[in-house]
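Here is a friendly walk through one model, written for someone who likes to know the cut-offs behind each term. Have the viewer open as you read.

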Amino acid sequence: MEVSTPLAEFPGVGEARAKALEKLGLRTAGDLVGYFPRSYEDRRQVYTIGEAPVGELCCVRVMAAEEPRRMHIRKGLDVTRLKVVDGASAMLVTFFNQGYVRQALHRGEEYILYGRVELLGNHRQMTNPQFEGAERPWACGRIMPVYPLTAGITNHLLAGLVEKALQGLPPPAETLPHGLRERHRLAPAADCWRSIHFPADEAELDAARRRFAFEELFYLSLGLALLRERRSQGRGPAFGERDLEAFYALLPFTLTGAQRRALEEAAADLALSRPMNRLVQGDVGSGKTAVAAGCAWLAVRSGWQCAMMAPTEILAEQHCKTLAAMLVPAGIPVGRLTGSMKAAEKRKVLAALASGELPFVVGTHALLSQGVAFRRLGLVITDEQHRFGVEQRAALAAKANTPKDPPEAGRPQWGAGGGNSLSPAANEMPKGAPGAACRAGEVEQRAALAAKAGGEADFSPNVLVMSATPIPRTLALIIYGDLDVSVIDELPPGRMPVKTVLVGESKRQRMYGFVRDQVQEGRQVYIVCPAVEENPEGAWDLKAVTEYARVLGEEVFPDLRVGLVHGRMKAKEKEAAMAAFTAGETHILVSTTVIEVGVDVPNASLIIIENADRYGLSQLHQLRGRVGRGQHQSWCVLVSDNRSPDTRARLKVLTQTNDGFRIAEEDLKLRGPGDFFGARQHGLPALRVADLETDTRVLKEAQEAAAEVLSTDPDLTAPEHRPLLERVRRLFEEDPDRFN
């Protein structure tokens, strides 16, 4: 057997199973041994029926006392039962919709069952246990790996294939230098590759897990350090304007200390001749747009152009209005470029960008379109980072071709008092059909965006990324590994915190009365649901947004205007629904989480989140940020009848604090880093073993080890370090050329 041996050649893997395994990314024997378990089951101890701990997963040795009996209960439900014994006790075993057990289990034969023993009165029973013959058990008597699965692939099958691959393949080559392994007391790779799958005991598993966690974080730290070093060596626009006091004087309000700190950190970067790559991370309403305006002001005053990319047309329009209000009085026009603009308007903006006449443009993915060219693009701003991956940032940055003239030579005199004749600014912006929001991570987009790369390879504009998703510092270092991080951890004075309450179904009518009270006072209301359509019989009782909107509009609030928006609507319909709510034409907007990244509606004072237990804390906090943007007291109502103590405790965190960073820390503890960020769109490698919550000490060791290696060989060009560089390239396989 070789690493490249196709799985289709394994016994028991036919064409259908091979295709199912491919959905898990498994095509070869080498893929199998590199597919690590997500958890483990301790099946080492085998109990008798009477000794088996009630309510816990365990192995029980039994004999079938009768042939299994199958009963058809109703359509879609078959039950198979049999009595099992062990000489001292008896137990009833029940299987739902597993008719094959009639042929697999036979009277008088012994088996080992793995499942949960439960009490029904004084009788013991098991439901849907796994089973195998007692004479030659394979799964029981050991610590069993538990893998992520897909339809058609059982854990038993996958574990068996992994064991066959481990038996057939030679030990893997060592990937860490000998001296590094000795200094950090790391087990050899040859030992760990088997024990990460089938450990003999806890100590062996801990040693394997620590070695692979260290290895992952070590190579990740090497790659991120190399990226930062390459970035620091690249050429970027150095902004000559540094007088932030002049910008502060423009504003009709006073920036908070946190806003000033973030802006001054960015200004220090912008004064350097290497490209800035900075994330400004702040809670909803913390004032990130003012920081962006300050950076744009420095760019334009220094003779450079600025582009800001937003995820939706309506959000781009909002940013355009907000920024124009700050910058147009200083003689800096703010233009707009979106997919729905008329051709003549687009041509006018495109010509102004290419000539340098327009210094600042706000747009959607239309900024990435063919034909968009800048004369002197010096700053790229992206909003809501988790909606734009590194590919989109790079694609827009690639439009900053090396400037054709120095800033002093004949540049337009923006910001020198007086406006600019072009200026499709705030009050002149056309309203029209929206363009589709740009989504990160799609293969077609990656290919299209990669084709846009142009200009000199070592010249890049400055990049500022704004995110309203508070992320714990440790996690931010990994997710935003190619960015420096500024945190705005202070809200502007005078903002009233949103009051949050947790209620059950028994309070629904009272809650509807509160909705009516808010509308009668002139306010507006969001109602968020987790499902789009009605659920099939037997599914969880989730509020379906389409049917719920109909019921609210026709039966509960027939005298009010109820709108609807969800992700399956066409972009034009979504934008129209949001625009109507923004304009106050709709009293109640029933929505899915599509409003999570939305526009400011200062008049919205209440958000109701149905089935709140279905969301993570950070997402609930993001949704809550849709209200509390005006001068009136705002409310967030979390609706859940889930009685689990853990769930109630989790939701109560929202009722106790409005601090997004504290909530993010709690969310990370509860859900782990894999679920915290959701679909992987940030362009960095996924972690298979390391856990950023529990492996902080290992992360620190790995970072120190990486820094030690790079201190003696910054480019990893020494012969003994070439394997390290190759491993880094493979880890960042989406863009290995970054390390050439």
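This is a predicted model: local features need pLDDT of at least 70, side-chain atom pairs count only at pLDDT 80 or more; totals for chains, interfaces and linings use all residues.

Residues are numbered from 1 along each chain as its sequence is written, and side-chain values use heavy atoms, with hydrogens and water left out.

**Cores.** The largest nonpolar core has 59 residues, and those with the most contacts inside it are Leu32, Leu158, Phe214, Phe218 and Leu222. Such a core is a set of buried Ala, Val, Leu, Ile, Met, Phe, Trp, Tyr and Cys residues joined through side-chain atoms within 4.5 Å; buried means under 20% relative accessible area, with a 1.4 Å probe and protein chains only. Elements giving two or more residues to this core include α4 (155-168), α22 (696-712) and α23 (722-731). Helix α7 gives the most, with 12 residues. A second, separate core of 46 residues includes Leu263, Ala293, Val300 and Phe360. Helices (H or I, at least four residues) and strands (E, at least two) are DSSP runs, numbered from the N terminus.

**Glu215.** Helix α7 spans residues 202-233 and also holds Glu215. Why is Glu215 counted as buried? Because its relative accessibility is 4%. Its side chain makes two polar contacts listed here, each a pair of N or O atoms within 3.5 Å, where one must be able to donate a hydrogen and the other to accept it, and residues adjacent in sequence count only if both atoms are side-chain atoms.

| Side-chain pair | Polar contact |
|---|---|
| Glu215 and Thr175 | 2.8 Å |
| Glu215 and Arg727 | 2.7 Å |

Beyond its neighbours within four places in sequence, Glu215 is in contact (heavy atoms within 4.5 Å) with Thr175, Leu176 and Arg727.

**Strands.** Strand β21 (residues 588-591) is covered on both faces: Ile588 and Val590 are buried on one side, Leu589 and Ser591 on the other. Strand β19 (residues 524-528) runs parallel to β21 and is joined to it by four bridges; pairing requires at least two DSSP bridges. Val528 has Ser591 as its bridge partner. Strand β20 (residues 562-565) also pairs with β21 in the parallel sense over four bridges, with Gly563 opposite Leu589.

**Helix α20.** Finally, α20 (residues 645-656) has 12 residues, and its buried residues include Arg648, Arg650 and Leu651.

How values were computed
Buried means under 20% relative accessible area, exposed over 50%, partly exposed in between (1.4 Å probe, protein chains only). The expected span of a helix is 1.5 Å times one less than its number of residues.
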